[in-house]
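Have the sequence handy as you read.

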Amino acid sequence: MKVEMNDFRRCWDVIGRKASDSFQRVGASGWYILGAEVEQLELQLRSVWSAKHVVATGNGLDALEIALRCVNVRAGEFVLTTPLSAFATTLAVTRVGAIPLFVDVDGQGLIDLDQCRDVCRRNPAIRTLLVVHLYGHALDMDNLRSLRDELELRIVEDCAQSILATWDGQPTGSVGDCAATSFYPTKNLGALGDAGAVITNHDGRADHASALRHYGQSSTYRHDWIGLNSRLDEIHAAILRDAILPHLSAWTAKRRSTAARYLEEIDNPSVSLPRPPSPSQSVWHLFPVLLSPDNRRSFVQHLALAGVATGIHYPRLIPSQRALEGYGRWYATTDLLRADVFARSEVSLPIHPLLHDEEITHVVAAVNSWNAP
Ligand SMILES: *Cc1c(COP(=O)(O)O)cnc(C)c1O
């Protein structure tokens, strides 16, 4: 048996017919950029995110950059963020010319909001927080809101992994001034290519985001900002809306039931399962487990021999990436010990929504049969 981290061919079996219809419809329409398909998708995504505005973009990185610009983060300013995420989170900060500052993570690997509060209290020059709902776990939205209000911070939420995740019923993306998400194929709502979106409840920021994705135009040939070209194609919008979005809720339920099985059935004492606190209704973009760092390679090899693919999210902390050496200025505001533990000991198990029950059983058996050396 082979268990993949993602099974795009199996996915095509489910969505292919509808996706082909969408392709046919958009092709025949003769309209390929920023038309009715993107508008319809944005409309539906508003209810998915319980947000007033969704502005579709070419990818998640651009959506993050646009979100930072919409809250007026300027070159040279500090942005406090997490060292443990996709590199794109910090890349967005550097693309607006701002200076990333890193704070340690909590026991689940998510940015530690209490440490953020301490750091921001001590450093009033920090005005912006870029948080990530990592692994699909919702951060504590009540804590995030009190942080925002108490310290008057601007908050951008990286929701690339957290579509439909909630904290005590509150969706991710609902506390920040702006949020960004990604429809990269591996994400919980994955397109057949690159795509992303900016999410906001603020009318002015939504207009700004729409302009920024389209050369900074506020109306045709009127350029009020130095914008990007980050338009979402009609074809991708159509496929996302017709062929993929209708599965999101069932696929999320499946991820949750797989996670519940792993949490219940994995009982290898050498494998620890960090679980999000109960108010966090995770959408389990990933299922992280922790080993002792010396044993990680043995664990991964054992699973590979059993035909189970794994991932590591993420093996190198963002501040240790060579790209930031050349960037010049970034700082760690605390030690990054817990983030470092994740980087050295995390392994992600397969949790994509098209896993068969026997495959989940097989993963559990493989994990439980591993003997730590
Ligand atoms: C995938 C991802 C991004 C980047 O999205 P792209 O669409 O690949 O540009 C940003 N942040 C996080 C946390 C991600 O998982």
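This is a predicted model: local features need pLDDT of at least 70, side-chain atom pairs count only at pLDDT 80 or more; totals for chains, interfaces and linings use all residues.

Numbering runs from 1 along each chain as its sequence is written, and side-chain values use heavy atoms, with hydrogens and water left out.

Let's start with the ligand. It has 15 residues around it, and Gly60, Leu61, Asp158, Ser182 and Lys187 are the closest (near means a heavy atom within 4 Å). By type, that shell splits into seven nonpolar, six polar and two charged residues; Gly counts as polar here, while Asp, Glu, Lys and Arg are the charged ones. Helices α3 (60-70) and α4 (87-95) each bring at least two residues to the shell, and α3 gives the most, with three. Helices here are DSSP runs of H or I with at least four residues, and strands are E runs of at least two, numbered from the N terminus.

| Residue | Atom from | Distance |
|---|---|---|
| Leu61 | backbone | 2.8 Å |
| Gln161 | side chain | 2.8 Å |
| Lys187 | side chain | 3.0 Å |

The protein covers 89% of the 380 Å² of accessible area that the ligand has on its own (Shrake-Rupley method, 1.4 Å probe).

Now the strand. In β13 (residues 287-290), Phe287 and Val289 are buried on one side, and Pro288 and Leu290 are buried on the other; buried means under 20% relative accessible area with a 1.4 Å probe, protein chains only. β13 pairs with β15 (residues 346-349) in the antiparallel sense over four bridges, and pairing takes at least two DSSP bridges. Phe287 has Leu349 of β15 as its bridge partner.

Terms used
A polar contact is a pair of N or O atoms within 3.5 Å; within protein, one must be able to donate a hydrogen and the other to accept it, and residues adjacent in sequence count only if both atoms are side-chain atoms. Buried means under 20% relative accessible area, exposed over 50%, partly exposed in between (1.4 Å probe, protein chains only).
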